[in-house]
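This short report covers helix packing and nonpolar cores. Look at the model first, then read on.

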Amino acid sequence: MMYPGNDSLARNFSQLPSQPPEVDGLPDFDDSSLLDRFISRLCDRITTLTDLGARDHVQLGIAPPERFVTIRPGVDLRRFAADDATRSAAREDFGYSPDARVVGWVGRLVPIKDCATFLLACAKVSGAEVMIAGDGPLRQGLESLAEQLGLSAAFLGNRGDVLRV
């Protein structure tokens with residue numbers, strides 16, 4: 001689901017480098033893909049959340065394309081669409097003006113989620129205010145990256161009220 005203003009962010013994502021930046025804490029992907037290739041030989045099928053994920057795994061040599069099945073997440077995005085009153089209250093609670101360009105991330109701060117590329121895209125959006133709900137081993141490195149990029153970023157940690165955020 002696209003919301004007004006997302007076209008700018010989408011354009012910026014399309015201009016990002018194909019290789020994500022290095023962030024302290026990332027594992028050596030060569031080691032993990034070797035393990036993945038070994039384990040995948042034992043599997044009849046391998047599920048991914050997106051066609052892009054399947055393509056990436058094929059390119060890494062994990063398994064041939066016919067072994068992958070894409071099962072999209074069963075998340076009803078309408079649950080996250082806030083009405084104007086809820087959005088205004090949340091902006092006020094977090095100290096954002098009504099016209100601020102707030103961009104959010106919800107998820108684990110782990111390599112597979114690639115939050116670094118998200119931060120790079122946000123840095124290309126003029127005046128972006130970034131909120132990140134989630135935690136993980138890359139948090140400190142991502143906080144440093146956000147600072148280096150000159151982003152106004154709030155790392156909120158794990159939250160039990162993600163629908164409000």
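## Helix packing

At what angle do helix H5 and helix H6 pack, and how many Å apart are their axes? This is a predicted model. In it, H5 spans residues 115-123 and H6 spans residues 139-148. The two helices pack at an angle of about 15 degrees. Their axes are 10 Å apart. Angles under 35 degrees count as roughly parallel, so H5 is roughly parallel to H6. The crossing of H5 and H6 is right-handed.

Which residues meet here? H5 brings Cys115, Ala116 and Leu119. H6 answers with Leu142, Leu145 and Ala146. By class, the H5 contact with H6 has six nonpolar residues, no polar residues and no charged residues.

## The largest core

The largest nonpolar core has 18 residues. Those with the most contacts inside this core are Leu109, Cys115, Phe118, Leu119, Val130, Ile132 and Leu142. At least two core residues come from each of four elements: strand E3 (101-106), H5, strand E4 (128-133) and H6. H5 supplies the largest share, five residues.

Take Ile132 as a case. Neighbours within four places in sequence are left aside here. Ile132 is then in contact with Trp105, Leu109, Cys115, Phe118 and Leu119, among others. Its contacts also include Ala154, Phe155, Leu156 and Gly157.

## A second core

A separate second core has five residues. Among them are Ile46, Ala54, Ala63 and Phe68. In soluble globular proteins, nonpolar side chains tend to be buried together.

Methods. Residues are numbered from 1 along each chain as its sequence is written. This is a predicted model: local features need pLDDT of at least 70, side-chain atom pairs count only at pLDDT 80 or more; totals for chains, interfaces and linings use all residues. Side-chain values use heavy atoms; hydrogens and water are left out. Axes are lines fitted to C-alpha atoms, for helices over the stretch in contact, and angles run from 0 to 180 degrees between N-to-C directions. Angles under 35 degrees count as roughly parallel, over 145 as roughly antiparallel, 65 to 115 as roughly perpendicular and the rest as oblique. A crossing is left-handed if the near helix is turned anticlockwise from the far one by less than a right angle, and right-handed if clockwise. Contact means heavy atoms within 4.5 Å. Ala, Val, Leu, Ile, Met, Phe, Trp, Tyr, Cys and Pro count as nonpolar, Asp, Glu, Lys and Arg as charged, and the others, Gly among them, as polar. A nonpolar core is a set of buried Ala, Val, Leu, Ile, Met, Phe, Trp, Tyr and Cys residues joined through side-chain atoms within 4.5 Å. Buried means under 20% relative accessible area, exposed over 50%, partly exposed in between (1.4 Å probe, protein chains only).
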